Structures are given as structure tokens and as C-alpha cells.
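The sequence and structure come first.

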Amino acid sequence: MNEIKWGIIGCGDVTEVKSGPAFNKVPNSSLHGVMRRDAIKAEDYAKRHNVPVWYTDAEKLINDPDINAIYVATPPLYHEEYCLAALQAGKPVYVEKPMAISKLAAIRMKHAAEKSGIKLSVAHYRRQLPLFLKIKELLQEQVIGEIKMVNLMMLQPHNAPLITQTHDNWRVDPTISGGGLFHDLAPHQLDLMLYFFGNAINGSGVSLNQGGFYNAADMVHGHLLFPKNILFQGTWCFTVPPAETKDHCEIIGSKGKLSFSIFNHEKLYVTIVSDVKEYHFENLPHVQQPIIEKVVQYFLGNAGNPCSASEGVAVMEMMEMFTGNGQ
């Protein structure tokens, strides 16, 4: 294999800008086929993105002899089914976050990849963005000293513009997404904690439905203990008034702190006593492009896995420590 020829299962909103175009922009990679159950939308996507073939049947896309890698971009309910089918067909998989609808489903995917010897990567793409690479570098250099704690606040109004809207609103249907908006957004945040600090030692939390807008939790609070006695606490609430909107994370060390937003990748503040240094970053047109480039090199055998199945499982485990869910 000297070129990755991708097939996308689920060419919906997330693939329009964030990921889809990137497959044709990184070296040794091209987008050959897409699949969506709605034939009109599948054909339209293929025409607009100059994709050679389109399907309404995932099995046909997986078995297309010209496709040698699969990107699963469906809602989480279907991640396991399509991932296992692709692995069985001998094709490496790049699967959207969260890795699956539950930790147990993610574990089954991980075991299938290990048993088959076929490669599997998870689309926790923020770990490859310039802002978070810089944070990782500053932490390794101990610029703010020994890390003591992390405080994260994610407060959003009901129907906030940050949250992708779809006609069926599947993100707040636990039977399809695994939970509510926490399950859609928190994987990005918790994966970064995993990327920065390693696997959580233990954790606990509580989840509530305070607003009654849908059948899923809209308030989640949790604690995690990471190696070196680093304490994380996070709060997610999706029913605050617009004036209380917040997307803020602080990493506090023995010498100072790092302050940044998870979903706005433009600024990082480093505070040491009274001195504040500000870093600026440009938002990328296709935010998944850096990790897709790493995944392509991994699939070609030229680099390691940028986000492994084990890491995907670890994120699912942290989420379930907070919510008590799992199946």
C-alpha cells in the first residue's frame, strides 16, 4: 500500500468542512467513495466534492476494491457495526469520536482490531492542533511548574450555535449518541486531558436532566485523578442563559497557570505570578487535516498511531465514570 484511498461511511455535516476535504489535501491520500443512506444526499456530496463513486449501502463501499481504508463518520450507534465490518474486510479504520456508543462497544472494537491485526485510529483530532501541541510542549517543559489541578467549565445555552443542529437532533437521543451534548463535546476535552496527563487513575461524577428539553443529561459534573496527583474537575451545563456562556480551561501548576478555550483555538494565556504571556493561533480551514495526515502515515507504516483504540476506550471510560452509563 503506497496510497490511502478512502471511503467515508456517513458523509454528513461533520465531513463537509472539518474532515472530508482534508483526505484529498494530505500527501499519499485521496477520497475515492462516500456512503449515505439517502441516495440524493450521497450523490450530491460526491458531485460537490469530486468524489468518484457513491453508495447507499455501507457493505458495498467497504467491499469496493479501489477503497483500502474506511472513515466511519456516522452517529456513535453505528460505529461498532461499521468498524467491525471494515476490519473483517481487512481495511484499516479511522472512526469518529466518541469511539462508540459505550465503553464496552469500544472495547469490542479494540479487541477486533487487535485480533485481526488491522489498524484502527480514533478521530480525537484536537490533540494535533497547534494550540494543544503548544500546551503539551509547555507542560513537558514545566513552564508552570508541577501540575496541581485542572478546572474546566463548559456552559452553553439550550440550542447554542456551538452545537451542530440536525433535523433529527440525534445528538440528544441517548439511543443513538450514547447520551446528550456531553457525549458530543466532552470527548474532545477529556481526550486532551488523557493526551496531556496519561490515563486517569479513578474518577466519579453526577449527571442530571435539569431542563427537560430532551431525554438525556444536560448537566454533568465530574472529578478525575491523574498520575502525579493531578486533580481534574469539570462541569458541563447546557441550559445556562446566553450571558453565562463559557468554554474555559485552566491548568494550574506550582509556578503559574495555562488558560485557554477548547473549542476556540485562537489564544493561550500563560500566567506566571503577575506576568501574562499571550500566544495566538490561526484556525485551520479543515481542523482534522493534521491528524488525518498522521493517520495516513500510520496506515502506510511510516509512523505510530496518533490516537489508538486504547485511548478511545480510555475516553469512553472517563465519560462513564461521570455519568454511570455503560452497556
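This is a predicted model: local features need pLDDT of at least 70, side-chain atom pairs count only at pLDDT 80 or more; totals for chains, interfaces and linings use all residues.

The accessible surface comes to about 14200 Å², of which carbon and sulfur atoms hold 50%, while buried residues account for 55% of the 327 residues.

As to the overall fold, the secondary structure consists of ten helices and 14 strands, and the C-alpha atoms fill a box of roughly 60 × 45 × 35 Å along the principal axes. A compact globule with 327 residues would have a radius of gyration near 20 Å, and the protein, at 20 Å, agrees with that expectation. Of the contacts between residues at least 6 apart in sequence, 68% join residues at least 24 apart.

Aromatic side chains form 16 pairs in the whole structure. One of them is the edge-to-face pair of Phe132 and Phe260, with 6.2 Å from centre to centre and 75° between the planes. This pair links distant parts of the chain, since its members are 128 residues apart, with Phe132 in helix α6 (residues 130-140) and Phe260 in strand β12 (residues 256-260). Both partners are tabulated below.

| Residue | Element | Relative accessible area |
|---|---|---|
| Phe132 | helix α6 | 0% |
| Phe260 | strand β12 | 3% |

Because buried means under 20% relative accessible area, Phe132 at 0% counts as buried, and so does Phe260 at 3%. Elsewhere, ring pairs link Trp6, Phe23, Tyr71, Tyr94, Tyr298 and Phe299 into a cluster.

Key
Residues are numbered from 1 along each chain as its sequence is written. Side-chain values use heavy atoms; hydrogens and water are left out. Helices (H or I, at least four residues) and strands (E, at least two) are DSSP runs, numbered from the N terminus. The radius of gyration is taken over C-alpha atoms; the globule rule is 2.2 Å times the number of residues to the power 0.38. Buried means under 20% relative accessible area, exposed over 50%, partly exposed in between (1.4 Å probe, protein chains only). Contact means heavy atoms within 4.5 Å. Accessible areas come from the Shrake-Rupley method with a 1.4 Å probe; for residues, only the protein chains shown count as cover. Rings of Phe, Tyr and Trp (its six-membered ring) pair if their centres lie within 6.5 Å; planes under 30 degrees apart count as stacked, over 60 as edge-to-face and the rest as tilted.
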